[in-house]
Amino acid sequence: MLRRKSVIAWGVVLFIAWNAILLFFLWSRPPSGTGTLNADELTLEVIKLAQDVELELEKQKTVLKQIERHRGSWEHKGNKKEQSPVPTSEHVQVAEEAGLQKTASLSVIPDVKDIVIPILVIACDRVTVRRCLDKLLQYRPSKELFPIIVSQDCGHEDTARAISSYGDKVMHIRQPDLTDIPVTTEHRKFQGYYKIARHYRWALNQIFHTFKYQVAVIVEDDLEVAPDFFEYFRATFPLLIEDKSLWCVSAWNDNGKEQMVDAKHSELLYRTDFFPGLGWMLLKEVWEELEPKWPRAFWDDWMRHPDQRKDRACIRPEVSRTMTFGRKGVSLGQFFDQYLKFIKLSDQFVPFTKLDLSYLKKEDYDRMFHETVYNAPELRVEELQGNKRMELGTVRVQYSSRDTFKVFAKALSIMDDLKSGVPRAGYHGVVSFLFRGRRVYLAPPADWTKYDPSWS
């Protein structure tokens, strides 16, 4: 038995050593051809190298699984302990019936027609808040069911006058503490982020504790909304109430550029592990969980940390129900020119309240989602870029590391940053989008189990 364990140990050591040498060779090998590469050639070479690494990692993973399988077999022979009873057909039948009963109990989403869903508009010093408010008022179906509350920070009088000009169509409240927040020297340039976090905390406490609402949709003053914005949140509210694996509903698709979404199917909704923000719905019970530990700054990235997310997901649309027009802000236009200004705003009215959205519940959704993704044929990035194998329709591109994800994401023009290991718009590591007219899933291997927070 000792000898068998030694053989296994040496096999693992040799596997790791060989894998390290091989990866070193792949990453350090010179590019094909001779001479200096231009930018396009260099990009293609990096993509090819990343795909070679992915292929080799898959081969090595197979070898490692074989080693693990043999080890289990040998240990089983050497330790004939009492085994757990094999499930009988009776056990399986009981489990299946329990599963069916559980699914059936979740099959009906509660109908909450008269719930009041306030729209909280976060404002500061942009008089262009008018554009945001004009669209909200244009599409609002009911003042009573969707009161609009504008919370203003900064004390900017021109913006205050713009908000007040709407009279009783909106409620105008002002954040009273306009003082600077004590920060370290290196964080002085981030003073704006500290004030935003303070404002959010105060405004959400007003909504949930002063006005006693049970839910809220948060919109910043540089967002324009779609015609079915209110319909979307009205329809998804019951789902948020019932499915405790959800913690928000967002109107935003981070990869929602016009050429990357299916505008003909703007009714499509998805689960995502990435907190999108930019027009999102929050329950009072979730705020009461978050408020005691609310951060002093950078609240949105804090929301994306595993300690807050707790493996919960958000709902997001195929086509965004908000778009941002605010290049000016504390982020100084970060991502705006490259991504945000190209996000498509849905111009269709989808009657979401008349649709069956129960497919978004975790159990049914996960099963269908995984089957769809991993039954899709796998394709290499250069084949996608070359419009090869078009007869396949929906396809999958596989990544196994942070570096290959970023290389492939850039090559396919989706956002390549990760927050605590979660890609934007990703669910179980999978990012869904259109590339040159066909559905693509950028996905980890099928045996993926969890995010690696170091991928950031």
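Guide: Buried means under 20% relative accessible area. Keep that cut-off in mind for this predicted model.

Visitor: Is Cys132 buried or exposed?
Guide: The relative accessible area of Cys132 is 0%. The cut-off for buried is under 20%. So Cys132 is buried.

Visitor: How many disulfides are there?
Guide: Cysteine sulfur atoms within 2.5 Å count as a disulfide. Another is Cys248 and Cys314, with S to S 2.0 Å. The count comes to 2 disulfides.

Visitor: How many residues apart in sequence are the parts tied together by Cys124 and Cys154?
Guide: Cys124 lies in the loop between strand E1 and helix H4. Cys154 lies in the loop between strand E2 and helix H5. The pair therefore ties together parts that are apart in sequence by 30 residues.

Visitor: Why is the disulfide of Cys124 and Cys154 left-handed?
Guide: Look at the torsion about the S-S bond of Cys124 and Cys154. The disulfide is left-handed because this torsion is about -90°.

Visitor: Which strands hold Cys248 and Cys314?
Guide: A disulfide joins Cys248 to Cys314. Both cysteines are buried. Cys248 lies in strand E6 and Cys314 in strand E9.

Visitor: What is the pairing of the bonded cysteines in sequence order?
Guide: Numbered in sequence order, the bonded cysteines of the protein have the pairing 1-2, 3-4.

Methods: Residues numbered from 1 in each chain as written. Predicted model: local features only at pLDDT ≥ 70, side-chain atom pairs only at ≥ 80, totals over all residues. Heavy atoms only, no water. Helix = DSSP H or I, 4+ residues; strand = E, 2+ residues; numbered from the N terminus. Buried < 20%, exposed > 50% of the residue type's maximum accessible area, 1.4 Å probe, protein only.
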